[in-house]
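Have a go at each one before reading its solution.

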Amino acid sequence: MASTVDRTTSLGGKYLTFFLAGEEYGVEILRVQEIISMMPVTRVPRTPPYIRGVINLRGKVIPIMDLREKFGMPPATEPEQVMIVVQVDGVQIGVVADKVSEVASIASADIDPTPDFGTDFHTEFLLGLGKSNGRLRLLLDIERVLSTDEVAAVTSIPALAQGT
Amino acid sequence: MIPAELNDAAFIIVQLQPDEHDDIKALRDTLRQFAVFDATASTQVRAHAHQAATVLNLILLGGSADAPALLARAGASIESAMTASEQASRGEPRATKTDLIAIVHEDGDAGALSDAMDTQAAPPARSTGAAASGERSLAPTTVAPSPAVAVAPTVTTPVIVHATAADGGTVPDDADRSLLGDFIAESRESMAGAEAALLELESNPDDIEAINTVFRAFHTVKGTAAFMGLDRLAEFAHHAESLLSRVRDRELPYTQAVANLSLRSNDVLGGFLVAVETSIQSQQPIALPSDYADLMHDLLNVDAVLAGVETRVAVQSATATALPSAATTPPRTDAEPSVDTAARSSAARAGPKTEADQSVRVRTDRLDRLIDMVGELVIAQSMIAADPAVADSGQHELVKKVSHAGKIMRELQDLSMSMRMVPLKSTFQKLTRLVRDVALRAGKVVELVTDGEETELDRNMVDAIADPLVHMVRNAVDHGVEGPADRERAGKPRAGRVTLAAFQQGGSVIVELRDDGRGLNRERILAKAIEKGLVSPHQMLTDSEINGLIFAPGFSTAETVTDISGRGVGMDVVRRNIESIRGRIDIHSVLGQGTTFQIRLPLTLAVTDGMLVRVGDERYIVPLTSISLSFRPEPGMLSTIPPGGEVVMLRAEVLPVVRLHQLFGIPAAVTNPSDGILMIVGDGEHRVALLVDQLLGQQQVVAKALGEGVGEVPGISGGAILSDGRVGLIIDIARITQLARTGDARPIGLSQAA
């Protein structure tokens with residue numbers, strides 16, 4: 001795996017940015033397949049809490065992920081507006097966002113490595129911090145968001161079961 | 001160690017009567033198979049086995065009054081093979097070439113005679129014997145290339161006798177034409193792939209993957225050809241494959257010479273395919289491809305050829321006289337092997353049209369996508385038809401047009417579904433062969449009757465039941481049917497009968513396997529189950545419950561574990577495989593009279609008939625095939641069993657109640673069963689009463705995977721798009737009943753319920 005320095009130097013490019021719980025996040029535009037407005041989601045029992053459910057995307061059933069749940073944030077107070085469908089390794093998955101902001105070009109020079117918060121678990125889902133137009137964007141490592149946490153979810157299920 | 005095939009053969013041949021042609025035929029095929037394919041046995045052992053097969057063939061070809069003597073001779077050859085393999089396993093030196101020559105001499109006349117009779121179409125003037133003896137008289141000379149007669153030392157291996165026969169045999173009478181067509185089409189593809197790989201190897205000789213591709217192509221052709229009874233083709237493919245396997249094992253470098261041989265092999269195989277096609281149409285014996293004799297010779301003497309020794313001249317003169325059927329193609333006179341391969345292969349491809357050309361091969365994923373899309377179209381159409389803007393518009397013309405479009409779409413759907421349907425015929429045919437082989441090994445006489453093999457089933461399902469059926473048929477022959485002596489004692493005909501039948505019943509296809517054997521011994525099954533701790537000794541079980549025990553993992557009642565079956569793995573896998581395609585398996589058995597296995601399968605996997613149910617705000621689809629009854633229970637029918645178990649009593653049957661809302665953690669659902677609906681689901685002993693709020697109606701749905709992001713969800717088999725465009729989840733009844741049984745039906749919250 002490339003070191004953090006290597007990664008940040010090659011991170012410049014276009015990002016789709018969106019709002020989630022007051023913060024602005026960015027996801028590489030090449031990963032984004034489409035943005036759809038919020039629609040009813042069919043809940044799926046016995047799945048980790050961050051799997052909101054599944055939707056019908058033109059005949060294909062795709063799962064919807066709740067980033068608030070995943071990042072341990074409190075539930076939304078305002079209605080969420082959109083789902084961003086991303087594609088990673090051929091797997092399509094929808095990510096719920098409060099609303100979409102813009103497509104921003106962020107130069108490598110404007111991307112800082114994520115500061116180490118020590119015990120804070122969530123920074124590993126970030127590629128880095130992007131600065132443009134005087135705003136700070138949290139650039140998501142969407143591949144990690146979709147894959148690494150699966151492991152976390154699986155390991156947390158037995159704990160849940162024991163709790164009941 | 002003596003190979004099992006030889007042991008069995010020896011055992012069988014001492015009991016054989018000269019007029020038991022079917023058994024002789026089976027034994028001959030087993031021996032041939034062994035001789036050609038068993039690479040673990042030494043050449044000498046295989047030569048003897050081959051010889052025995054050849055002698056048996058003589059009996060089959062008939063005419064000879066001396067069948068008993070020939071039988072004895074075959075027996076002697078089998079004995080020689082066993083002796084040879086014993087010697088080999090004791091580490092004694094392998095047979096020298098002189099020994100091999102001796103084997104040929106010893107049985108040579110029979111060999112020549114057999115080949116003469118093998119090829120009735122050939123003019124009597126043909127002199128295989130002369131050719132063979134001519135080869136034999138060629139003394140090994142020094143390695144120096146000589147324009148006259150220089151022969152590789154191995155030229156007198158017994159196989160060569162076979163190789164100089166005049167034609168490629170005949171297409172077996174019992175061969176299935178459409179299977180042959182498939183075989184030819186598939187083999188053509190393999191050959192094309194192999195050729196591409198061979199050309200790739202020209203520029204990159206170290207590409208081991210390319211070698212493997214070619215190897216696999218030859219191997220596949222070999223296996224299928226042997227199955228089709230095209231022995232000559234199989235044998236040739238075997239030798240072509242052997243060369244490549246040596247390259248693969250890094251025994252030989254991939255030199256230009258090897259490349260030439262492989263390309264020629266590929267062409268000859270292509271030629272064989274054309275010849276088989278021609279033979280099917282003309283009803284004539286299969287003509288050997290033009291380069292066959294030369295190439296076979298080169299392959300058999302591969303080391304000499306690769307060492308640069310010219311070995312072809314002598315055999316060429318022999319084959320020139322012995323190959324009348326190849327007269328249409330000019331005999332090869334030049335010594336350079338690969339100059340005209342291109343011309344020949346293109347000629348080979350311009351062969352006559354057959355059934356194989358009448359169909360287009362489509363990738364299954366494309367077909368699946370098409371079926372998916374058509375399914376979507378049907379849903380989209382029904383959404384339009386149900387839209388108030390259309391339905392309540394009062395415009396009759398518009399409504400009429402919409403419903404007309406709907407009719408066409410449903411027809412389109414039926415058509416697209418039918419594209420995946422294939423007849424069970426080829427599956428059944430493979431089992432015919434299996435029954436013969438297993439019966440032979442088990443020393444039994446078994447007749448297989450098939451019925452309804454034209455019944456069609458979804459391609460995926462045909463694939464999915466193939467393995468379970470193999471297992472069940474093996475069991476039926478090995479354990480079900482008794483040996484001939486036992487059968488006579490029981491007053492049954494000597495020959496056991498296994499019936500394989502398929503038919504449609506309602507929306508299902510039933511595949512039935514019946515044997516008239518000893519039947520399931522329930523006492524023994526029960527004893528065994530108690531011994532293995534599967535049931536407690538005090539448990540009262542019904543007959544069908546006891547029958548069902550054979551599906552328990554690790555269960556086997558066979559007293560001896562044979563190499564065919566009885567290892568105790570299997571029936572549980574059979575059941576699981578069948579359930580995985582939403583099928584069901586039932587057993588009926590009468591002691592002493594036989595056992596019937598009935599597999600019930602849905603017509604297709606693509607479309608599920610489902611009952612849409614509501615639980616709280618959620619909707620689920622329950623497959624219709626697993627519902628036996630739905631009703632609103634009276635309070636008196638329900639009882640609670642501490643600590644928290646709930647049962648419903650229905651016509652003297654007591655069934656556990658599974659609350660779907662609890663299992664799936666759905667809020668705001670009906671909690672009092674008397675206010676909701678109980679659905680009796682599952683099969684046999686695994687029935688439960690599933691509590692839902694309301695039945696919404698019946699619906700056909702196209703089952704889809706939930707997407708990789710979700711993974712496997714216990715109790716949910718997939719999703720489907722409902723008529724309002726939302727996703728409905730399909731309930732996995734087998735899993736639900738299992739969860740209920742294992743007591744794992746405790747509530748686990750929905751994501752939001754936490």
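**Exercise 1.** Which residues in H19(B) meet which residues in H20(B)?

*Solution.* Keep in mind that this is a predicted model. Start with helix H19 of chain B, residues 425–442. Its side of the contact is made by B:Thr427, B:Leu431, B:Leu434, B:Val435, B:Val438, B:Ala439 and B:Ala442. Now look across to H20(B), where you'll find B:Val462, B:Ala466, B:Leu469, B:Val470, B:Val473, B:Arg474, B:Val477 and B:Asp478. Sort the residues of this contact by class and you get 12 nonpolar, 1 polar and 2 charged.

**Exercise 2.** Work out how H19(B) and H20(B) lie relative to each other.

*Solution.* First, get the geometry: the two axes are 9 Å apart, and the packing angle is about 25°. Next, compare that angle with the cut-off: anything under 35 degrees counts as roughly parallel. So H19(B) and H20(B) are roughly parallel to each other. Last, the handedness: H19(B) passes H20(B) in a right-handed crossing.

**Exercise 3.** Check the span of H20(B) against its number of residues, then find its kink.

*Solution.* Helix H20 of chain B covers residues 459–480, which is 22 residues. At 1.5 Å a residue, the helix should span 32 Å. Its end C-alpha atoms are 29 Å apart, so the two agree. As for the kink, look at B:Ala466, where H20(B) bends by about 30°.

**Exercise 4.** Helix H10 of chain B packs against both H11(B) and H12(B); describe each pairing.

*Solution.* Take H11(B), residues 256–282, to begin with: its axis comes within 10 Å of that of H10(B), and they cross at roughly 155°. Angles over 145 degrees count as roughly antiparallel, so that's what H10(B) and H11(B) are. Their crossing is left-handed. From H10(B), the contact includes B:Leu233, B:Phe236 and B:Val247, and from H11(B) it includes B:Val258, B:Ser262 and B:Phe272. The class count here is 12 nonpolar, 2 polar and no charged residues.

Now for H12(B), residues 292–300: its axis also comes within 10 Å of H10(B), but the angle is roughly 45°. That makes H10(B) oblique to H12(B). This crossing is left-handed too. B:Phe236, B:His239, B:Ala240 and B:Leu243 in H10(B) meet B:Met296, B:Leu299 and B:Leu300 in H12(B). By class, that's 6 nonpolar, 1 polar and no charged residues.

**Exercise 5.** How many residues of chain B are in contact with chain A, and which elements supply them?

*Solution.* Count first: 29 residues of chain B touch 23 residues of chain A. Then look for the elements of chain B that each give at least two residues: helix H16 (364–386), strand E17 (716–721) and strand E18 (727–731).

Conventions:
Residues numbered from 1 in each chain as written. Chains lettered and ligands numbered in written order. Predicted model: local features only at pLDDT ≥ 70, side-chain atom pairs only at ≥ 80, totals over all residues. Helix = DSSP H or I, 4+ residues; strand = E, 2+ residues; numbered from the N terminus. Expected span 1.5 Å × (residues − 1). Bend = angle between axes of the 7 residues up to and from the residue. Axes fitted to C-alpha atoms, helices over the stretch in contact; angles between N-to-C directions. Parallel < 35°, antiparallel > 145°, perpendicular 65-115°, else oblique. Left-handed = near helix turned anticlockwise from the far one by under 90°. Contact = placed C-beta atoms within 7 Å. Nonpolar A, V, L, I, M, F, W, Y, C, P; charged D, E, K, R; others polar.
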